[in-house]
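Q: Please take a close look at a single part of this structure, and describe how that part relates to its surroundings.

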There are 2 protein chains.
Amino acid sequence: MPSLTEENYLKAIFALSEKEGADRISTNAIAARVNTAAASVTDMVKRLSDKNLVEYEKYKGVSLTAEGESIAKDLVRKHRLWEVFLMQKLGFAWDEVHEMAEDLEHVHHPKLIERLADFLGNPRFDPHGDPIPDRHGNIAYHKELYLNQLKSGDRGVIVAVEQDDAEFLRYLVRVGLVLNVEIEVLETEDYDGSCTLRIGRNKRSISEKVGEKLRVRKL
Amino acid sequence: MPSLTEENYLKAIFALSEKEGADRISTNAIAARVNTAAASVTDMVKRLSDKNLVEYEKYKGVSLTAEGESIAKDLVRKHRLWEVFLMQKLGFAWDEVHEMAEDLEHVHHPKLIERLADFLGNPRFDPHGDPIPDRHGNIAYHKELYLNQLKSGDRGVIVAVEQDDAEFLRYLVRVGLVLNVEIEVLETEDYDGSCTLRIGRNKRSISEKVGEKLRVRKL
DNA sequence: CCCCTGATTTAGTGCCGTCTAAATCCTAAC
DNA sequence: GTTAGGATTTAGACGGCACTAAATCAGGGG
């Protein structure tokens, strides 16, 4: 069994692989993600490699083995199910659940998470709209475009936020960019990737950073 | 903040203090409880003492400081609330919940446990009948007698089991010694502390070990 | 009052996961 | 091609938490 720390590395590598679409993840990218020195990452990555959880070649980066990926997906499943629980059953807000789920996901009792899933009605998406892996690790990835891929005149509905940072989520609530809200792209700025939106009845400019985190179903 | 391991030591010391009624707990007793070598306990106890969580004097044993006790009680509160959740909401059995709660109790988010308590209706006893400390650490201790304190002819109702071992709990279910069941003491054996009971409609002998774990409200 | 025995502590190790500083590698630019 | 500069790895250290073996203490029996 991987330790809590090892699990966090696996999750980080998994998340980076998904985001980058890249096969091999760099030491530095991992270091930034888990907030440690690059040297510590090298150490850890060797240990993970010894345990056959990652494929590692010096100077060439890291990728998850099947086993490592399965563990990572299981963590994501737990994380998102706990988030659903925290919001739906305990009444927490959007921006509060991530941190707690971050701890709860490391509690490993196979029966526990399956009962929890049943208790919640086997939800397929978490409160941020992101897909919850099923018990076999299958993930129904969003096929929708990111908001900053839309063009002037396009309209759509926000279906997911791919970022858990509390500050960011509070910002989204403030500007009204929550799930199921309808938006229309009024203008796009090529030079900085920002764009101006109609959100419900309001106008608002958002930066590229924001636009690349939101999934939108085009209307 | 104490580490997970330190927390387990605090809990162990707290539990032993309650059970023994003793003021100072011996190194060996702790070692047995947390399943480590006595030497490791000495190490840890020094660390806890440095952090002002225990009072420690060489060769004289250990006791919790106010702060250490408050942490221990908080862990007990969490543990028992999660047990209630696991049984009442997720449908786990008597003997399954302890192990999971053992992990969940180490998730520390003050708001989480209070919301959970509300969600569960602020129960005052866990599924084994043991009192759940309130958010200030107050514990409504059972005043009832232990089963092996009853005499021939006494009748009573089981109100609590002070032992979490799964094997033991399954034994209790097998012989029918579950919460709220009515029993009558038919005979007591002084030489080994065992006794013969009527449990519902059945007769059964139980050992001292069993009798000293069950709280009974006398009728 | 001394000694024996069991309880306890010290000494010496090892593994995990982190760090900083220094060495090394890789690549892109010249 | 060489080389500068960034990415990465090595070297060396430390703190937490465990262990075993050996030393030390403490309390009851003689």
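A close look at one helix

A: DNA strand C is surrounded by 20 residues, and the closest are A:Ser3, A:Ala39, B:Ser26, B:Asn28 and B:Ala39; a residue counts as near a molecule or strand if its C-beta atom, placed from the backbone, lies within 6 Å of it. The model is predicted: local features need pLDDT of at least 70 and side-chain atom pairs count only at pLDDT 80 or more, while totals for chains, interfaces and linings use all residues. Residues are numbered from 1 along each chain as its sequence is written, and chains are lettered from A and ligands numbered from 1 in the order in which they are written.

The part to examine is helix 3 (38-50) of chain A, which gives the most to the surface near DNA strand C, with five residues. Helices (H or I, at least four residues) and strands (E, at least two) are DSSP runs, numbered from the N terminus. At least two residues of that surface also come from each of helix 1 (4-20) of chain A and helix 2 (27-34) and helix 3 of chain B. By class, the surface near DNA strand C has seven nonpolar, nine polar and four charged residues; Ala, Val, Leu, Ile, Met, Phe, Trp, Tyr, Cys and Pro count as nonpolar, Asp, Glu, Lys and Arg as charged, and the others, Gly among them, as polar.

Turning to the helix itself, the 13 residues of helix 3 of chain A should span 18 Å at 1.5 Å a residue, and the end C-alpha atoms are 19 Å apart, which agrees. The expected span is 1.5 Å times one less than the number of residues. Its buried residues are A:Val41, A:Met44, A:Val45 and A:Leu48. An α-helix has 3.6 residues a turn, so residues three or four places apart point the same way.

The face turned away from the buried side carries the exposed residues A:Ala39, A:Asp43 and A:Asp50. A residue is buried if 20 or more other C-beta atoms, placed from the backbone, lie within 10 Å of its own, exposed if 12 or fewer, and partly exposed in between. The buried residues of helix 3 pack against helix 1, helix 2, strand 1 (54-57), strand 2 (61-64) and helix 4 (66-89) of chain A. Just after the helix, A:Asn52 takes a positive phi of about 65 degrees.

DNA strand D is likewise surrounded by 20 residues, with A:Ser26, A:Asn28, A:Ala39, B:Ser3 and B:Ser40 the closest. Here the largest share, five residues, comes from helix 3 of chain B. Helix 2 and helix 3 of chain A and helix 1 of chain B also each supply at least two residues.

How values were computed. Two residues are in contact if their C-beta atoms, placed from the backbone, lie within 7 Å.
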